[in-house]
Amino acid sequence: MRASLGGKHVSGAERLVGEPLLQETVLELLRRPTSFDQMVLTVEKVEEVSLIETSLPISSRTFESVADARGFALKLLTDSGVPPRTAERGLRLLAEGAGPGGSVMRGAVLMDVETAGRLEEDPQRGVRTVRVDWKNRRAIERTLRERGMTSRTVDALALATKNILCGVVAELCWSDDPDYTTGYVASGKVGYVRIDPLKERGDPKGGRIYFIRKQDLPTLVECLEKRAFLIESLPD
Ligand code: AMP
């Protein structure tokens, strides 16, 4: 589902559910945006779904300043195998706006870990991770709420888990929502690490960088955009 108001994107969500849950899921998505004047709802049959037993493990860190938080993100990226120069370029790119003219992209940047060059075909759209969901979304949502997180984390954790499984070396993300300052670094090495504040309140810039190995490009994009995954649980 994607919804807009006055031509501006206001809400988007994707679900992967069994046929018996189709009607209630469509209704849930229809009610999701508080106001909109256009909504596009696409329903698509998926032939093959792979199961992922557990998501990446979650941890959280809070810092006094954006500079300290970004310094920590840089350390996690280098610990994950991203060379410092590449990790620094990734952080700078998100801070400046990775789309044309400093705009916010619709999807993610693909950055070559070795050269720090960009590999996505369309720098406005980027690459979008789709077709990933939780087997029992409600239970996961409840557990994460109890731990002080929101539905944002439910979606972002699923997305990051799929990314790493598809071969992304590490991911850096913070939202373009000016009121939401928590971002994350995710990798197989460090898990899903929530970091606050990765930007100043009021800052409309944000996005995602997927640090990848250039030789993985074709299989990785195919996996991110085409393969369907359901995640069964959170790690203990
Ligand atoms: P959000 O966390 O929804 O605020 O999204 C932050 C940024 O991540 C967006 O501005 C996009 O650049 C990027 N993004 C959002 N959804 C996806 C997705 N499904 N796959 C890849 N990148 C995304």
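**Entry 1: α2 and α3**

I started with helix α2 (residues 66–79) and helix α3 (residues 84–96): their axes come within 9 Å and cross at roughly 140°. That makes α2 oblique to α3. I took angles under 35 degrees as roughly parallel, over 145 as roughly antiparallel, 65 to 115 as roughly perpendicular and the rest as oblique. Axes are lines fitted to C-alpha atoms, for helices over the stretch in contact, and angles run from 0 to 180 degrees between N-to-C directions. Helices (H or I, at least four residues) and strands (E, at least two) are DSSP runs, numbered from the N terminus.

I note the basis here: this is a predicted model, where local features need pLDDT of at least 70, side-chain atom pairs count only at pLDDT 80 or more, and totals for chains, interfaces and linings use all residues. Residues are numbered from 1 along each chain as its sequence is written, and side-chain values use heavy atoms, with hydrogens and water left out.

I looked up the handedness next: α2 and α3 cross in a right-handed way. A crossing is left-handed if the near helix is turned anticlockwise from the far one by less than a right angle, and right-handed if clockwise.

Which residues of α2 and α3 meet? On the α2 side I found R70, A73, L74, L77 and T78, and on the α3 side P84, A87, E88, L91 and A95. The contact residues of α2 with α3 divide into seven nonpolar, one polar and two charged. Contact means heavy atoms within 4.5 Å. Ala, Val, Leu, Ile, Met, Phe, Trp, Tyr, Cys and Pro count as nonpolar, Asp, Glu, Lys and Arg as charged, and the others, Gly among them, as polar.

**Entry 2: the six-stranded sheet**

I traced an open sheet of six strands in the order β5-β10-β9-β8-β11-β6, and its pairing is mixed. Two strands pair if DSSP finds at least two bridges between them. β5 (58–62) and β6 (109–112) stand at the edges with a single partner strand each, so one side of each is left without a neighbour in the sheet. The twist averages 20° from one strand to the next.

I checked one pair inside it. Strand β8 (residues 170–174) and strand β11 (residues 207–212) are antiparallel and share five bridges. C173 has R208 of β11 as its bridge partner.

Where does α2 lie? I find α2 across β5, β8, β9 (183–187), β10 (191–196) and β11, running at about 165° to β10.

**Entry 3: the three-stranded sheet**

I then read an open sheet of three strands, ordered β2-β1-β3 with antiparallel pairing. Its edge strands are β2 (8–12) and β3 (38–40), each pairing on one side only. Neighbouring strands of this sheet are turned by 25° against each other on average, direction ignored. Strand β1 (residues 2–5) runs antiparallel to β3, joined by three bridges. R2 has its bridge partner in β3 at V40.

How many disulfides does the structure hold? I count one. C166 and C223 form this disulfide, with their sulfur atoms 2.0 Å apart; the cut-off for a disulfide is a pair of cysteine sulfur atoms within 2.5 Å. The S-S torsion of C166 and C223 is about -70°, so the disulfide is left-handed. C166 sits in helix α5 (residues 151–166) and C223 in helix α6 (residues 217–226), so the pair ties together parts that are 57 residues apart in sequence.

I looked at the packing of these helices. α5 and α6 pack at about 150°, their axes 9 Å apart. That makes α5 roughly antiparallel to α6. Their crossing is right-handed. K162, N163 and C166 of α5 make the contact with L220, C223, L224 and E225 of α6. I sorted the residues of this contact into four nonpolar, one polar and two charged.

**Entry 4: α4 and α5**

Helix α4 (residues 137–146) packs with α5 at an angle of about 120°, and the axes are 9 Å apart. That makes α4 oblique to α5. α4 passes α5 in a right-handed crossing. I list R137, I140, E141, L144 and R145 of α4 against S151, T153, V154 and D155 of α5. They divide into three nonpolar, two polar and four charged.

**Entry 5: β12 and its partners**

Last, I followed strand β12 (residues 228–233): strand β4 (residues 49–54) pairs with β12 in the parallel sense over five bridges. I52 is bridged to I231 of β12. Strand β7 (residues 132–134) also runs parallel to β12, with three bridges. V132 has F229 as its bridge partner in β12.
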